[in-house]
Amino acid sequence: MTVAKGLEGVVATSSAISSIIDDTLTYVGYNIDDLAENASFEEIIYLLWHGKLPTQSQLDELKKELSENASLPKEVLDHFKMYPINDVHPMGALRTAVSLLGLYDEEADVMTEEANYRKAIRLQAKMPTIVAAFSRVRKGLEPVEPRSDLSFAANFLYMLNGAEPEAVAVEAIDKALILHADHELNASTFTARVCVATLSDIYSGVTAAIGALKGPLHGGANEQVMKMLTEIGSVDRVESYIHEKLANKEKIMGFGHRVYRKGDPRAKHLREMSRRLTELTGEPHWYEMSTKIEEIVTSEKALPPNVDFYSASVYHSLGIDHDLFTPIFAVSRVSGWIAHILEQYANNRLIRPRAEYTGPGMQKYVPINERA
């Protein structure tokens, strides 16, 4: 056997959902640049789940289904109030809430194609409601019910803040959701597929994926980027801070990628959105700091920024709590997780790799009274 640490370079399955070829990301053959500039997130959900862009009537029906299923069971909302609020990271709350939702879904263990699609709608619809409701409950505020007349992105911001959002904020969140929706066989998506390959239910698959996304080497990187920017504080401190990190061989979060070599194609869209938003909020130093960091790291380590790097200053400029950055990632990526879960169910085989054994050779059992 040949061991590939971290499964790097190993092709574990075939998929028709998304691809990364020559540093180009596509969803079902559509270039991410084309989608980021022209599509809505609801169109992306349909594309990933059905393998084609929707007609107007199909899109209207999807929006209607998402709107009708966005509210949370009272039991889930009450559960938030039981959490030790000051000690719970929102990703932990999201993971627990998704698992809890499965207990209140009568079709949770019904594995027909039709039932799994209905569960997919429920999960996608409820993810932003979970994140927004938990954010408010921990601040002592009442959750805000979703509205049927708002888009997916606008509804999320409305439920989060209790006020109808400005157009530029909706545009920023919609674009971020599109860019984060799917990314081939990343760690959380692979986790979801491994889970449901046992024919476990869709709630278990998404719960497992959230657990994987929670880690700082995956979805948690954007929160760490904002922590770094906050520590630096001003543009004139960037050079000394980053050079010290590099000299100590410390990882600069938000740079480099296991798959991309020339650069993450999603980053430029969030870079431009960061520039616009920081100017609008009167805090251009966040963008200026980010571009200065990019200049140094790219020059000295040949590592371009990934999607996490500029998403940090985008979300910060929208007034979003820093520990909600990764849950927002999950609100988007659940569309991709579900697409992969449904694809796995449709052509399933248990995922069971092997390991190279490196322990001691054959040993003989020694009774406990004879052991040294």
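This is a predicted model: local features need pLDDT of at least 70, side-chain atom pairs count only at pLDDT 80 or more; totals for chains, interfaces and linings use all residues.
Trainee: How far apart are the C-alpha atoms of Arg333 and His180?

Mentor: Arg333 lies in helix 16, which covers residues 325–346; helices here (H or I, at least four residues) are DSSP runs numbered from the N terminus, as are strands (E, at least two). Along the chain Arg333 and His180 are 153 residues apart, yet the separation of their C-alpha atoms is 5.8 Å.

Trainee: Is Arg333 buried or exposed?

Mentor: Buried means under 20% relative accessible area, exposed means over 50%, and partly exposed is in between, using a 1.4 Å probe and protein chains only. Contact means heavy atoms within 4.5 Å, and, not counting residues up to four places away in sequence, Arg333 touches several residues, among them His180, Asp182, Ser188 and Arg266. Because its relative accessibility is 1%, Arg333 counts as buried.

Trainee: With which side chain does the side chain of Ser188 make a polar contact?

Mentor: Ser188 sits in helix 9, residues 187–196, and its relative accessible area of 0% makes it buried. Leaving aside neighbours within four places in sequence, Ser188 is in contact with Ala209, Ala212, Leu213, His218, Arg333 and Trp337. The polar contact, at 2.8 Å, joins the side chain of Ser188 to the side chain of Asn186.

Trainee: How many of the 10 residues of helix 7 are buried?

Mentor: The buried residues of helix 7, which spans residues 152–161, include Phe152, Asn155, Tyr158 and Leu160. Their cover includes helix 2 (41–50), helix 3 (56–68), helix 6 (113–137), helix 8 (167–180) and helix 16. Helix 7 is largely enclosed by the rest of the structure, because the number of its residues that are buried is nine.

Trainee: Is helix 8 roughly parallel or roughly antiparallel to helix 13?

Mentor: Axes are lines fitted to C-alpha atoms, for helices over the stretch in contact, and angles run from 0 to 180 degrees between N-to-C directions. Angles under 35 degrees count as roughly parallel, over 145 as roughly antiparallel, 65 to 115 as roughly perpendicular and the rest as oblique. The axes of helix 8 and helix 13 (residues 267–280) come within 11 Å and cross at roughly 160°. Therefore the relation of helix 8 to helix 13 is roughly antiparallel.

Trainee: Is the crossing of helix 2 and helix 8 left-handed or right-handed?

Mentor: The axes of helix 2 and helix 8 come within 9 Å and cross at roughly 15°, which means that these helices are roughly parallel. The contact is made by Phe41, Glu42 and Ile44 of helix 2 and Asp174, Leu177 and Ile178 of helix 8. A crossing is left-handed if the near helix is turned anticlockwise from the far one by less than a right angle, and right-handed if clockwise. For helix 2 and helix 8 the crossing is left-handed.

Trainee: How many residues has the largest nonpolar core?

Mentor: A nonpolar core is a set of buried Ala, Val, Leu, Ile, Met, Phe, Trp, Tyr and Cys residues joined through side-chain atoms within 4.5 Å. Those with the most contacts inside the largest one are Phe80, Ile242 and Ile293; Ile293 touches, among others, Met228, Ile242, Phe255 and Phe309. The number of residues in this largest core is 114.

Trainee: What is the relative accessible area of Ala302?

Mentor: Ala302 is in the loop between helix 14 (285–301) and helix 15 (307–317), and its phi is near 55°, a positive value in a residue other than glycine. Ala302 is exposed, because its relative accessible area is 56%.

How values were computed
Residues are numbered from 1 along each chain as its sequence is written. Side-chain values use heavy atoms; hydrogens and water are left out. A polar contact is a pair of N or O atoms within 3.5 Å; within protein, one must be able to donate a hydrogen and the other to accept it, and residues adjacent in sequence count only if both atoms are side-chain atoms.
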